[in-house]
Amino acid sequence: MLRPILVLAAAGVLASGVAAGAAPARTAPGEAGPRPPATSPPPPGAPGGEAWAWTQLTGRGTRIRYVSTDTTQTCPVVRYTLGASRNPFPMTRVSVPMGSQFPTTVCELAVPLTASDAVLEQSTVQAAVLHPANRQLPLPDWNRTTRPRRIAVIGDAGCEVPTTGPVQNCANHQTGWPFPRIAASAATTTRPDLVVHVGDYLYREDPARENDKAANPGCTTTADRASWDCVVADFFRPAEPLLATAPIALARGNHEDCNAAQQGGAGGAWFRYLADDLRANGSCSIYTPTTPIRAGTLNLVSVDSSFADPGDTGSTTQAGIFSRQFEAVNQAAQQHPGNDYFLFTHKPLWMVKAAGTLPQNVESVTHVLDAAVAGTGLHRLADNVRLVLSGHIHLYQMLDFDTQRPPQLTVGSSGGPLDNGPDDTKVVGKLIGTPPQAVHQSITQEQTPGGVGVFGYAELTDSGGTWNLTFHDATGAVRGKTCALSTSTANKSFVCH
């Protein structure tokens, strides 16, 4: 959900985004990474610190990432199996500590798709505490001709601690802030092959007001906002079971915004730790390029909508900027017409927040993105863009049109304070989007029709070439109908029972 950010002229924003977007060269997708290192002892000393490692899908292939607060500024070695060989590969250092916000060394390693059994070498880890404790990193279990079988979709997961107004009960993981419970349930119940996070990680705008300080040393004062320790508190610690289970693909949310200086802050943290292309200088760009991410024959395409209509006013003034982004989506989809493409972006293209009895009584979001899709050369998304995954509104909703327009799945219900949704019976038949199309089906998970939402996550399962969709509550239990995505490109919809 929105918080105040600086609105800049589009031309200036784009120019600064390009300037800030420079990044060091990386290993190309599909390369096996650096050669094994010569045998040598680890750097002297083991001065404490805590380290986190995870596997992230990026536009440049699979990356193992490692962040540590130990003071050696060294990177560990990863050993994995490739073919008949099992060799060690040193991680590349991306950044070193930078002030109190980023007291970390960040490392990265490109891993080929066919690698398996990745483990951090114990002797090369200098941190006193490591997550995961078993040093094992999940790798894709698909190849170029297969795809993930089970995908967990989460979004808007952080604990909301604003500078003013109500503070979420971060210490209560049952009903106050259930993201840790949701992550654990998804890891044990769904056991996904891939996790997709549709954005909004950092909600602790004033950590001095939170009630779980004892669990998060280093994220307890106003000055700690958007620090590494707060990134751990809001994302890495609660998500640990999921990160130990499967690779993750990440979209940027509006909470990972740029400050006035486009340096540091939540946006700087995003680009230092979580972005597709990591940065060492703390800079933040408002717009970033569309990023195709291959998961075998499933293709995820990330569009950065974090700054789309920042005031959520219904403005379409940025439509030209985002039309170029969606044009890139269509061009990517046309490269592999036989593959499924899922577009994932923080703000939904078509989502109904409220609906009344009369035809005109409907509140949808985010108009600029819908207008941008209509402004592409096709005036729509490509045929093989089968599904749109988003968050931003703190609800779960599946909306389809039974037309060439793909269904919209909104999963903003994984941790932040829940919103009220619409009465689904009043959504069906309402005209949405450009050109206006009637809603064929609306399934919103809420306590009562038109009431507050339900905490949880979505699961997409490949069942013999068909994608099945279920919603799971915080316990991992399926709530509501099971829906199967049609294979038609002319009538894209879910059949639910």
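The protein exposes about 17,800 Å², and carbon and sulfur atoms supply 55% of that area; accessible areas here come from the Shrake-Rupley method with a 1.4 Å probe, and for residues only the protein chains shown count as cover. This is a predicted model, in which local features need pLDDT of at least 70 and side-chain atom pairs count only at pLDDT 80 or more, whereas totals for chains, interfaces and linings use all residues. Residues are numbered from 1 along each chain as its sequence is written, and side-chain values use heavy atoms, with hydrogens and water left out.

**Overall form**

- The protein has 7 helices and 27 strands, where helices (H or I, at least four residues) and strands (E, at least two) are DSSP runs numbered from the N terminus.
- The radius of gyration is 22 Å, close to the 23 Å that the globule rule gives for 497 residues, so the protein is as compact as a globular protein of that length; the radius is taken over C-alpha atoms, and the rule is 2.2 Å times the number of residues to the power 0.38.
- Along its principal axes, the C-alpha trace spans about 70 × 50 × 45 Å.
- Of the 497 residues, 58% count as buried, a term that means under 20% relative accessible area, with exposed meaning over 50% and partly exposed in between (1.4 Å probe, protein chains only).
- Among contacts between residues at least 6 apart in sequence, 70% join residues at least 24 apart, contact meaning heavy atoms within 4.5 Å.
- The mean positions of the 36 positive and 40 negative charges are 5 Å apart; Lys and Arg count as positive and Asp and Glu as negative, while His and the chain ends are not counted, and the place of a charge is taken as NZ of Lys, CZ of Arg, CG of Asp or CD of Glu.

- Leaving aside neighbours within four places in sequence, Phe326 is in contact with Val303, Leu343, Leu349, Leu369, Ala372, Val373, Thr376 and Leu381.
- Helix H6 (residues 367-374) is mostly covered, with 6 of its 8 residues buried, namely Val368, Leu369, Asp370, Ala372, Val373 and Ala374.
- Helix H5 (319-335) is included in what covers the buried residues of H6.

**Backbone features**

- A cis peptide bond with omega of about -20 degrees joins Val365 and Thr366, and Thr366 is found in the loop between strand E17 (362-365) and H6.
- Asp117, in strand E7 (residues 116-120), has phi near 55 degrees, a positive value in a residue other than glycine, and Asp117 is exposed, with a relative accessible area of 54%.

**Two residues in their surroundings**

- Val411 is found in strand E20 (residues 408-411) and counts as buried, at 0% relative accessibility.
- Not counting residues up to four places away in sequence, Val411 touches a set that includes Val153, Ile154, Val198, Leu395, Tyr396, Tyr457 and Ala458; the C-alpha atoms of Val411 and Ala458, 47 residues apart along the chain, are separated by 6.9 Å.
- Asn169 is found in the loop between strand E10 (150-154) and helix H2 (179-190), and is partly exposed, with a relative accessible area of 32%.
- Leaving aside neighbours within four places in sequence, Asn169 is in contact with Cys159, Gly176, Trp177 and Asn211, while the C-alpha atoms of Asn169 and Pro417, 248 residues apart along the chain, are separated by 9.6 Å.
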